[in-house]
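I am keeping notes on one protein model. Each entry records what I looked up and what I found.

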Amino acid sequence: MSEKEQVIQALRATLISVKGALTLKQCNRDYRELQGEYIPYKKLGYTTLDKLFHDVPGFKISQVNGEWVVDAIASQETQHIASMVARQKTSKKASAKLSYANNFSKKQGSWRKPTTQYQTNNYVDQYSKKFYRPNNSLSPYNNNNYNKFNKFNKYNEYKGTSYTKPRPLLETNDQNVTKTVSQPTNEREPTNVSDEIQHSTKPEKFTEVKPSGKISASQRLSNLRDRLNTVDLIPLQLPVHHEVKESQPVVTPQTVKLEPPPDLLSSTAKLEWMCQKLGLPEPVYKVHDFLPKQGSKTYDCSVKVGNEYTARTYPNSSPTEDLAKELAALKILDVIMEKASLHLETLRTSSSEDALAGLVSLVSDHSAGVWAFDVPRLYTEKYNEKLPNDWEKLVEKCPNILKERVVNDQLVLLPNTQQTTNLLSERNRQEITIESDLPPLQFPDHDFWNVFITVANSTLEIWLRIIGTEYSDAFEVLLADMDAHYKNSGTCVDKSMILINAWYAVKLEEGGWQRAKILEIDDRKATVFLGDHGDDDVVPLNNIKILEPQFRKLPAQAILCRLEGAEELAASAAGAALVRRRLPGEVLVAAPGPRHDPADPSVALVLYDTSTHRDLNLNHEIVHDFCMAGAFTITQKASEVEVGCVTEEGRVWVCRAGGAATVRAALALLTAGPYRRPLPAAPKAPPPNQRTLYIVRTIDGDWVRCTIISGLDGEGTVRTQLVDSGLILRAPLSSLVPLQSFSPALNTYPHQALQVRLAGAEAAAAAMVGRLRELLVGARVLCRAVGAPPPAPAAPQVELFVRTGPQNMLASVNNDITLQHEQLTQGKSKEAEKDSDGFSDAVEALHKKKERIFRSTSAPDERPAGALPPPPLPAPGQSFDVFVAMAANPWNFVVQPNSTRHTFHAMMATLQVECPKIPESEAPASPASGELYTAYYKNDSSWYRVVIAGVVSTEMVSVYFCDFGDLTVLSARALRPVPAAAPLARSLPPQAIKARLHNAWPLHQDWTVEDCLRFQELCVEQQFVGVCREVSRDPLNPHEPLLTLDLIDTSTDDDIYLNSQLVAERRARPDPPN
C-alpha cells in the first residue's frame, strides 16, 4: 500500500467515526491526534488541504459560512458504520445502575467444496433435457455498475475471429466457432487445478463501484435475500450425528388472518368484541403501578382471556391505568388473531375464479346483505376452503356484487340481481399472458458451454448467453431484424392496453430495440426486464411497441446462474463487488452442474477462463480472492474496529469492522433457506489440533465459528473460543459441526478477532474491566498499533480511541483508564493510612470491637450518630411481598420490601423538593465512611439517600445507594446533609436488601452470561412473593444481611417459582454439584 493510500485510509477512518462533517481544522486536529502528525498534503503534491479532498474520490467537501467542511462518503464496506454513528445520541443519559448486560457480537459464515467433474450421463439425464423458462414470479435485478453495451447488436463481443482469445473446452458443430487447440480427441476437459492453482492476473484489491442506477447493490442483495428466505422458514434443528440425508424443500403455508374488529372502537372494546365473536371468556386485567427513581408513576398491565391467551405490557409502561389496559388489549388481540388463524392454514386456498364464483353464490344466499368482515368465516363453513388474500379486490371488480358503506364505515355486500355479465377472471388473464410468453430455452446437450457473461450482481445472480449457431448467431440476426423493422414501423401501445408480464419491443435510451417483459407501469414510464440480457431498465411509454410474431420465436437468451460452491459470497458486499469486477463482459467456458430442483430457475455452474496456458477455475479464484481480502491486521495507521469482548482479566479482543457480520451472514445463508447444506456429523472426541475450526449454534440461534480449547468434561461439554469475537463459551461436543467438510471457504477465511494489549495500560485494564466494557463494547472504536509488531503469537500493543462529549472529541481509552486507576489507587492508599492512624492503638481497637459485639441489651436501638436503623428481616419460613430493584445473577440481587413502599415513595418525593433548597456551601468538607447524606445523581437528575462507602480523593467519594443496592463514584460537591424537613430520610430503614435465590445452582462453575441476562429479564423491576429460607451475612460485607429467598410470581392463575423455571429452562440445577 502506497503512502497516499495509507493517508486516505486514515482520513476515512477519522471522518466516518464522527457524526456529521468536520471542518478542515478539526479534521487536521483529529488526524494529528491519531497519527502523530498533521495531514501531509504537501508531501502528496497538493498546495492546500482542500485540493486534496477535491481530488481524491470518496470525500464530500463543501463551504459553510466561508469555511470548508469535509465528510467521508460511506462505501458498501463502511455503510453500516456510518449508519451506526449517525444514529448515536449526542448525550448519553443511561444510568450505570442496572448495567449488567454485556453486548456481544453475533457471528456467522460458510462455503461448500465445488464439483470439479460432472458425469455426462448424469447431466444428460438430469439437466440438459430440462427446459428453461423465465420465472414470472422472480423479479430480475439491476446491474447498475456496468455499461450496457452488451445488450445491443454489437456482436464484435464474441463474433467470428473473436473466439481466438478463449480456448473452448469442447468442439461444437457451429461453423463460425474456430477451434484453436489441436488435440487428437474431439473434446478436452478442463485441466485439474486442484493441485496447483494459478491466480488471476487481475489486481486483488477491491475497487469501490459507484452505483449508477436507481437500485443500489445492497438493496438488490437484500431483496434477493428476502425472496430466497421465503422458500424455507422452518427453524434449523441441531445436527443429527448419524446418516445425514438431504432435506426436502419445505413449502411455507400461506397465512390467512381473521377479519379485524371495527376500527372505531378502543382496544379494550375491540377485545370484548373479539371474545364475543369467538365465544371466549371475558378478559381479566391486572394493573401494577411502579414509581421509578426518576419521573412519575407508571403502570404495567397484564390481561388474560381464558387459559389460552395471555399478554402483558412489560417493558412498555404507560402513564395511566387506562393506557396500560389499552396496550395490553392491543397485544392480546394480535395473539388471538394469529392463533385463531392457524386452523385455516391446513385448508386449501380457492383459485381466483372459484373464489369469485363462490362469493357470488354466498352473497346471493343473503338477500339482505352480509357483513364483509364475516365473509371469510361463512365461505370456509360453506366450501371448506380458504379465500385468497386478494378476495376483496375480486369483489371490487365483480359486477354481480354490490358494495355499500353503512354506520361506522362498515362494508356490506349485497347481490346485484340486475347484472349478469361476468368479468374476465384472473385465470383467463394469466392464460393470455402465458400464451404471449416466449418459448422455453433448451440447453445444449454438452457438458461444457461457451458463454458470454452479461450481468453479474453476486455469486447467486449471474446472467449469461450461450455462444453457438442456435443461440448467439440467431440472437444477432434477431437484433438486426428488430432494428430494421421498428426503425420506420411498428405498432405503439396505449398505456391502458399494456399488460403486466407480457413481452413487448422497447427502445432503450442508449439505443437499440430489445425484447422486454413489463414489470411495472408508472405515469409516463415502465420498468421492464430485458430477457436477452438479464437486466432491467426504465423506458418511456412511447418507446414501447407490440412485439411482432416473427420476433417471438426465439427463446429469451439470458440464463440465470449461480457459482457452484461460492453461494455464501452473495451475503457479503465485498464478495458481490468481486464478482461484479471480474465477470461481466467476459467470454468463458461454463460447466453446468446437475439440477437437483427443477423448480429452481437458476443454474449451478463452474466457470473456467481458458485464455491462459492453464485453465483457471474462476469459482476457486473468486473464493481465494475473497479470503485474501478478509485478512485482519493492525498497523500504525488508525482503522475502524469492533470490540468483540473484554475478559474478566482485562484482555481485549478486537475484530475488523464488519468482518464478523460477513461471516455471520454467510453462515446464515448456508444453514437456512434454499441454499442450506446438510450438517456433517459431530466429532466423537476433541481433535489433537486445537486450530481445527467448528461451527456451533448459540442460544440466540446464530451459527458462529469456534475452536476447542479444553478437553471433554464429565458432562460431555468442552470449552470453545469464538474466533470472530474472542468469547469463550461452553458447549456440548455433540453440537459442534466440522467446518472443513461443511464449508472449505469459511474454514480458510481468516479469523476476524485478534487479542491486543493496551499500550501503557495493561495493569489498569486488569483492574478497570467494568470501565473498559462501558467504553468499548458496542461502540465505534479506532485502533492503531504502537511500536514494532511483536513476534507471533504475541498480542500487539495498541492504542484505542473513542469519541466522547458533545463535540465528538477523540479520547484515548488507554489514558482514560490509566488516570482513573491512579485516582482509585491513591484514594485507597489514603483511606488505608487514615484507618491505620485511627486504630494504631491495639487496646482502643479491641475496646471498640467489644462495643460493637457486646452491646447493652437495655438499649437495643442504640447506634452511631446519623446511622439508619437496620431493615426488618423476615424469619425463616415467613413470606413477604418484594420488588426486585436490580439483579446480577441468581446469587446476587436486591429486593425492596413492599410493606414500606408507600412510605418510601413519600420520602423520595420529599427529597426531590427539599434537597435543592440546600446550597452547595453546606456540602461536607471531609465526608467519612459510614456517614449518611443525600446526593444528586445527574444521570437521572434525582436526589437519593447515600452512605459513604469510601473516599477516593479529596474531591471524589464512593457512595452506596442504600435504597437500591448499587455503588458509584460522585463528586463530594454533590453531597448534601439530610434535610430537616424530611424526617423519614433519617428514620426509614434502608430499602435495599441483598438476596440470593433458593435451590438454584449454576450448571457449571459459575453463571454464564446468557443465564444472567435471562434472570434479569425474568425478575428486574417486577413484583414477587418472597419466602425467606435463610438469613445470613453477605460474604463480601459481613455487616450486611443476606436473605435466601424463593421468588414466586403470583400474577397468573398458576404460581410460578423462579428457581423451578430456571431449572426447567436448563439454566440451573436444584442441587449443588458434587
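Entry 1: I began with strand S31 (residues 781-785), which is mostly covered, as five of its five residues are buried. Buried means under 20% relative accessible area, exposed means over 50%, and partly exposed lies in between, with a 1.4 Å probe and protein chains only. Strands (E, at least two residues) and helices (H or I, at least four) are DSSP runs, numbered from the N terminus. I then looked at both faces of S31: Val781, Cys783 and Ala785 are buried on one side, and Leu782 and Arg784 are buried on the other.

**Entry 2: what the numbers rest on.** The model is predicted: local features need pLDDT of at least 70 and side-chain atom pairs count only at pLDDT 80 or more, while totals for chains, interfaces and linings use all residues. Residues are numbered from 1 along each chain as its sequence is written, and side-chain values use heavy atoms, with hydrogens and water left out.

**Entry 3: the partners of S31.** Which strands are joined to S31 by bridges? Strand S23 (residues 639-646) runs antiparallel to S31 and is joined to it by three bridges. In that pair, glutamate 640 stands opposite leucine 782. Strand S32 (residues 797-804) is also antiparallel to S31, with four bridges. Here arginine 784 has glutamate 799 as its bridge partner. Two strands pair if DSSP finds at least two bridges between them.

**Entry 4: a five-strand sheet.** I looked up an open sheet with the order S39-S38-S37-S36-S40 and antiparallel pairing. Its edge strands, S39 (967-971) and S40 (975-976), each pair on one side only. Strand S37 (residues 942-951) and strand S38 (residues 956-961) run antiparallel and are joined by five bridges. I noted glycine 950 opposite serine 958 in S38. Helix H23 (residues 901-914) lies across strand S36 (932-937) and S37, at about 90° to S37. Axes are lines fitted to C-alpha atoms, for helices over the stretch in contact, and angles run from 0 to 180 degrees between N-to-C directions.

**Entry 5: two helix pairs.** Helix H14 (residues 573-582) packs against helix H15 (residues 618-629) at about 135°, with the axes 10 Å apart. The angle makes H14 oblique to H15. Under 35 degrees counts as roughly parallel, over 145 as roughly antiparallel, 65 to 115 as roughly perpendicular, and the rest as oblique. Gly575, Leu578, Val579 and Arg582 in H14 meet Leu618, Glu621, Ile622, Asp625 and Phe626 in H15.

Next I took helix H9 (residues 352-364) and helix H10 (residues 375-383), whose axes come within 11 Å and cross at roughly 100°. H9 is therefore roughly perpendicular to H10. Among the residues making the contact are Leu359 and Leu362 of H9 and Leu378 and Tyr379 of H10. Contact means heavy atoms within 4.5 Å.

**Entry 6: aspartate 881.** Aspartate 881 and phenylalanine 1024 are 143 residues apart in sequence and 6.0 Å apart in space, C-alpha to C-alpha. Leaving aside neighbours within four places in sequence, aspartate 881 is in contact with Gln896, Pro897, Asn898, Phe1024 and Val1025.

**Entry 7: the whole protein.** I ended with the totals: 26 helices and 44 strands. Of the 1074 residues, 48% are buried.
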